[in-house]
Amino acid sequence: MWEAQTYYQRPFAEIVALFDTAYVSFYKGLQGVGGAALAGDTALVAEARVWRRRLGGDVYDAWPLALTALHGLDTLLPRLPAHREHAVAIAAAINADGVARAFPDPPQTPLFHVHLPVGADAAMRAADALLSADGVELFGRVRSAPDPDRCSFEVSVGENAMDLAPDEVVTFLRALLRHAT
């Protein structure tokens, strides 16, 4: 929900009012250590509490999780619109260049996929070569595609990506694909 709100441009309360329950993660966009919150009616929350305990999720001393979540709410939540704007700019640069394809176009959140014109094995070998040669790591893993000569990886634009200009990302993609041939 944190990231989607930047696309919908509606207050959080208006978005969640459409649903019986809402679950928000503290570790993704907010970069917390872990944890989440579930909101719903009293009966649902009571039942979820029982199942959380039964499944081992009732952490006795979870204050570090709460602290990192609060820090993310204070410092990163206000930055999520800028993260999405930067994701849109990076995706647009990738699509304008044509060396790869960013999807969806434009990204609705700070997360999108980059589709490469090489297979997964070639992309992983090229990623290792790019890391060795230039110290750049574009992804940790790729997803294969039905076409064995294509694959994709996920991009999540957060604070760590804000210093990268969109044209720099395209340059890195071009270098990656040079290593793949």
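A residue counts as buried when its relative accessible area is under 20%, as exposed when that area is over 50%, and as partly exposed in between, with a 1.4 Å probe and protein chains only. By this rule Glu 14, at a relative accessible area of 42%, is partly exposed. The structure is a predicted model, in which local features need pLDDT of at least 70 and side-chain atom pairs count only at pLDDT 80 or more, while totals for chains, interfaces and linings use all residues. Residues are numbered from 1 along each chain as its sequence is written, and side-chain values use heavy atoms, with hydrogens and water left out.

We can start with the chain as a whole. It holds seven helices and six strands, where helices (H or I, at least four residues) and strands (E, at least two) are DSSP runs, numbered from the N terminus. Read from the N terminus on, the order of these elements is α-α-β-β-α-α-α-β-β-α-β-β-α. The C-alpha atoms fill a box of roughly 55 × 35 × 30 Å, taken along the principal axes, and buried residues make up 31% of the 181 residues.

The interior comes next. A nonpolar core is a set of buried Ala, Val, Leu, Ile, Met, Phe, Trp, Tyr and Cys residues joined through side-chain atoms within 4.5 Å. The largest such core has 32 residues, and those with the most contacts inside it are Ile 94, Phe 112, Val 114, Leu 116 and Leu 173. H5, S4, H6, S6 and H7 each supply at least two residues of this core, and H7 gives the most, with eight residues. A second, separate core has seven residues, among them Trp 2, Ala 69, Leu 77 and Leu 80.

Helix H7, which covers residues 166–180, reaches 21 Å from its first C-alpha to its last, close to the 21 Å expected at 1.5 Å a residue; the expected span is 1.5 Å times one less than the number of residues. Its buried residues include Val 169, Val 170, Phe 172 and Leu 173. An α-helix has 3.6 residues a turn, so residues three or four places apart point the same way. The buried residues of H7 pack against helix H5 (80–97), strand S4 (111–116), helix H6 (120–134) and strand S6 (151–156). Leu 116 is in contact (heavy atoms within 4.5 Å) with residues including Phe 139, Phe 153, Leu 173, Leu 176 and Leu 177, when residues up to four places away in sequence are not counted.

A search of the whole structure finds five salt bridges, each being a side-chain nitrogen of Lys or Arg within 4 Å of a carboxyl oxygen of Asp or Glu. In one of them, Glu 14 pairs with Arg 10, the closest N and O atoms being 3.2 Å apart, and Arg 10 is partly exposed, with a relative accessible area of 42%. In another, the side chains of Asp 97 and Arg 174 meet at 3.2 Å, N to O. This pair links distant parts of the chain, since Asp 97 is in helix H5 and Arg 174 in helix H7, 77 residues apart. Arg 143 and Glu 154 also form a salt bridge, at 3.7 Å, N to O; Arg 143 lies in strand S5 and Glu 154 in strand S6, so the pair ties together parts that are 11 residues apart in sequence.
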